[in-house]
Amino acid sequence: MSNPWNNRPPRGPGNPPDRRRPPRAPDERAPRNEAPREERPAGASRSELRLYGLNAVHAVFARRPEAIRKVYLIESRIPALKPLLAWCVKQRVGYRVVEEGDLDRLAASTHHEGVVADVLKVEPAPMGDWLRTLPEGKPVAALWLDGVGNPHNFGAILRSAAHFGVAGILLPRDSTLAISGAAARVAEGGAEQVPLVRMGQTDNAAAQLRNAGFSLAATVVRGGDDLFAAQLPQRLVYVMGAEGEGMDARLADACDARLSIPGSGAVESLNVAAATAVFLAQWKQRL
């Protein structure tokens with residue numbers, strides 16, 4: 001099996017190209033991702049998020065019921081939400097039975113599955129605080145999202161991260177990526193399972209991670225080591241690039257390895273959410 005971690009491939013014309021953003025100029029500020037700002041429907045506080053979808057609402061109730069501020073549901077959902085409604089009565093949290101069209105407007109979506117809830121947001125944890133929560137001597141994987149912005153892709157990534165037991169989603173200092181109603185619905189409860197972590201400057205964040213025993217793997221479309229042949233370390237951070245542009249070239253070069261998913265060549269690549277699931281499955285399988 002190949003082991004890229006102590007033998008990064010040389011950069012040069014002999015290497016196949018991979019889809020990466022060109023390096024930023026030294027004086028260029030890191031661009032802000034083009035992720036849409038978290039939706040805040042009329043009537044919702046800046047400290048609140050409007051969630052929709054049965055599993056998303058169930059997950060909040062299971063992990064942090066005290067965050068629930070208001071619930072809206074259609075009549076046919078009452079049996080499925082009886083424990084939540086009983087809790088609302090006991091805690092004097094308001095809930096309303098409404099028509100489906102009302103939920104369409106409240107969620108700004110028809111994919112609400114009969115329930116909408118206003119809940120308190122959870123802010124990302126600082127990197128140092130998150131590192132102190134990690135278990136000693138056990139395998140740990142994390143995802144560094146470099147430019148991922150599409151809320152549906154983000155939701156799918158959260159779902160895969162929860163399924164495979166990822167310890168955290170690492171967000172660059174200037175990233176605007178946040179949990180939204182759409183992301184939480186696609187995550188099917190995963191948004192409540194995986195903590196978000198706010199990093200500092202890129203170099204400092206990478207140093208902190210390495211000091212904590214992590215290796216960093218840039219995930220590239222072409223030119224990386226074969227994921228299925230590589231020896232994966234127990235503490236691993238996959239760096240996932242933006243949906244269209246890939247990751248910043250300097251960040252990819254600063255990683256300990258570059259990994260690619262081999263395929264048939266019939267399509268250019270997997271999208272970032274599908275690729276994330278494959279990378280995580282291979283890490284889990286190698287434990």
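The protein has 9 helices and 14 strands, where helices (H or I, at least four residues) and strands (E, at least two) are DSSP runs, numbered from the N terminus. Of its 287 residues, 48% count as buried; buried means under 20% relative accessible area, exposed over 50%, and partly exposed in between (1.4 Å probe, protein chains only).

**Reading the numbers**

- Residues are numbered from 1 along each chain as its sequence is written, and side-chain values use heavy atoms, with hydrogens and water left out.
- Because the model is predicted, local features need pLDDT of at least 70 and side-chain atom pairs count only at pLDDT 80 or more, while totals for chains, interfaces and linings use all residues.
- Among contacts between residues at least 6 apart in sequence, 80% join residues at least 24 apart; contact means heavy atoms within 4.5 Å.

**The sheet of 8 strands**

- Let's begin with the open sheet of 8 strands, whose order is β6-β9-β8-β7-β12-β10-β14-β11 and whose pairing is parallel.
- Two strands pair if DSSP finds at least two bridges between them.
- At the edges are β6 (125-126) and β11 (225-226), each of which pairs on one side only.
- β6 pairs with β9 (residues 196-198) in the parallel sense over 2 bridges, and P126 has R198 as its bridge partner in β9.
- Helix α7 (residues 202-211) lies across β7, β8 (168-171), β10 and β12. Its direction runs at about 170° to β7; such angles run from 0 to 180 degrees between N-to-C directions, and axes are lines fitted to C-alpha atoms, for helices over the stretch in contact.

**A closer look at β12**

- Strand β12 (residues 235-241) is mostly covered, with 7 of its 7 residues buried.
- In a regular strand the side chains alternate between the two faces of the sheet.
- In β12, R235, V237, V239 and G241 point one way, L236, Y238 and M240 point the other way, and all are buried.
- On one pairing, β7 (residues 140-146) and β12 run parallel and are joined by 7 bridges; here L143 has Y238 as its partner.
- On another, β10 (residues 215-219) pairs with β12 in the parallel sense over 4 bridges, and Y238 is also the bridge partner of A217.

**The sheet of 4 strands**

- Another open sheet is formed by 4 strands in the order β2-β5-β3-β4, with mixed pairing.
- Its edge strands are β2 (48-52) and β4 (94-97), each pairing on one side only.
- From one strand to the next, the twist averages 15°.
- β3 (residues 68-73) and β4 run parallel, joined by 4 bridges, and V71 stands opposite Y95 in β4.
- Helix α1 (residues 54-63) packs on this sheet and touches β2, β3 and β5 (115-120); its direction makes about 40° with that of β5.
- Helix α3 (residues 100-107) also packs on the sheet, touching β2, β3 and β5, and its direction makes about 35° with that of β5.

**A pair of packed helices**

- Two packed helices are described by the angle between their axes and the distance between the axes.
- For α5 (residues 151-163) and α9 (residues 272-285), the angle is about 15° and the axes are 8 Å apart.
- The two helices are therefore roughly parallel to each other; angles under 35 degrees count as roughly parallel, over 145 as roughly antiparallel, 65 to 115 as roughly perpendicular and the rest as oblique.
- The contact is made by N153, A156, I157, S160 and A161 of α5 together with V272, A273, T276, A277 and L280 of α9.
- These residues divide into 7 nonpolar, 3 polar and no charged. Ala, Val, Leu, Ile, Met, Phe, Trp, Tyr, Cys and Pro count as nonpolar, Asp, Glu, Lys and Arg as charged, and the others, Gly among them, as polar.

**Two loop residues with positive phi**

- A108 lies in the loop between α3 and β5 and, although not a glycine, has a positive phi of about 55°.
- With a relative accessible area of 70%, A108 is exposed.
- E113 is placed in the loop between α3 and β5, with phi near 60°, a positive value in a residue other than glycine.
- E113 counts as partly exposed, at 32% relative accessibility.
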